[in-house]
Amino acid sequence: MGATDVQIDLISPDSFRHGHPWEQYAWLRANAPVYHHPEPGTPGFWAVTRYDDVRTVSRQPKVFSSAAKGPMVGDPTEEQLAGTRQMMLFMDPPEHDRFKLLVSRGFTPRNAQSLTARIESLARDIVDDVIERGECDLVADVAGRLPSGLIAELMGIPRSDGERLYELTEMMHTTDDTVHSPEERAGAVVEMLTYAASVIEEKRRSPGDDIASTLVQATVDGDRLTDGELQMFFLLLVNAGGDTTRNLIAAGLELLFAHPDVRARLIADLDGLLPSAVEEMLRYTSPVANFQRTVMEDTTLHGVDLAAGDRVVVFYGSANRDEDVFDDPDRFDIGRSPNPHVAFGAGGPHLCLGMHVARIETAAMFRELLTRLPDVEPAGEAERLASSFIAGIKTMPVRFTPGRRLAID
Ligand code: HEM
């Protein structure tokens, strides 16, 4: 393929209107794995698209900083970054180590496992709410309700409040100003922080059996999180755990629609194949498209000289299709093993804190969907999210043979 065959633009939401820009990724991996990508109003950034390079960047926080210019693609001023400084995603070690130590107690595999029964009952209730209708929007009525219900469980708040928080994250994640204006997005942040402050106060007064209560009390060597840090952590939690999982479920089902043979194989051996199917959905759909780092000292990546102050952006979707790592990478193979995908990050300090929970949520929802709505099928065009950060689906009408509710109200 020649340089002129593929137009490279990895920041316009338009490039993600039909899913990740796979063609651009493939061209870059083959021709310019560390590519200088223009970005209006800034000196541009280096787009990193190969698996090994994405790992290198993710695992060297001293050289590739999350704090300097933040992890979201862009060239913010210090003033713009000021409000985010207390969020762990925007920290480097050692600040990040301290924060992670304090919050990670709630997110061990064992803790996630103890949430399993609650997540399964949540998935059952969600399917109950649509099963008699014979049709629904898979995103709003099913996939999106699971993470918002889970957030409500984690924070110990009513499910309806969890749903409002989830609407706010969707506003925040839009990168298209015509869908939600910058003022609207800023308003969503304020609303969420105000809500978080009230939860913190409430949990201090009357602690419950939820992560929010654990976090307001958590101490390590006498150290504890300040109110500001807690608010920012809740904001991060709601954002990071919300539409990522929602998109994985919606995009995963879309994949099964497109591959009826794979779907039949999965249904025939749900217990055996569900765990590896979830991993393959993660690899294949890569719900988080990218994160940014800032170069802290002159260095070389894949033979390209990078200068201190340059920004690099890692593209997880591209790394997950790297032909040097995955056999036949464009094949959706639910039995793939090994499957060292980087959908949750490529190692290093910021590896997704919620990955165990996300896996449990996704498996629980597919078990419900495939056993209780076995003939679910598309009932119209799916509409994708206007975002170059979160690759996902906004609405997805589906229909199915109506069935019976399981829960006794
Ligand atoms: C399919 C679902 C999900 C995907 C694809 C995903 C992906 C990611 C990625 C790519 C990162 C950054 C990794 C890095 O920079 O190295 C991340 C960080 C994070 N995720 Fe997730 N995530 C998912 C679900 C969740 C859930 C359910 C939660 C919480 C309940 C969560 C909480 C977090 C937090 C708190 C961080 C920041 C960790 C840090 O800065 O140390 N995520 N996630």
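I call a residue buried if 20 or more other C-beta atoms lie within 10 Å of its own, exposed if 12 or fewer, and partly exposed in between, with C-beta atoms placed from the backbone. By that count, buried residues make up 44% of the 409 residues in the protein chain.

Ground rules: this is a predicted model, where local features need pLDDT of at least 70, side-chain atom pairs count only at pLDDT 80 or more, and totals for chains, interfaces and linings use all residues. Residues are numbered from 1 along each chain as its sequence is written.

I looked up the secondary structure: the protein chain has 17 helices and 14 strands. These are DSSP runs numbered from the N terminus (helices H or I, at least four residues; strands E, at least two).

Next, extent: the C-alpha trace spans about 65 × 55 × 40 Å along its principal axes.

Which residues of helix 2 are buried? I got Tyr51, Asp53, Val54, Arg55, Thr56, Val57 and Ser58. That is seven of the eight residues in 51-58, so helix 2 is largely enclosed by the rest of the structure.

Then the ligand: 27 residues surround it, the closest being Gly241, Gly345, His350, Cys352 and Gly354. A residue is near if its C-beta atom, placed from the backbone, lies within 6 Å. Helix 12 (227-241), helix 13 (243-258) and helix 17 (355-372) each give two or more residues to this shell. Helix 12 gives the most, with four.
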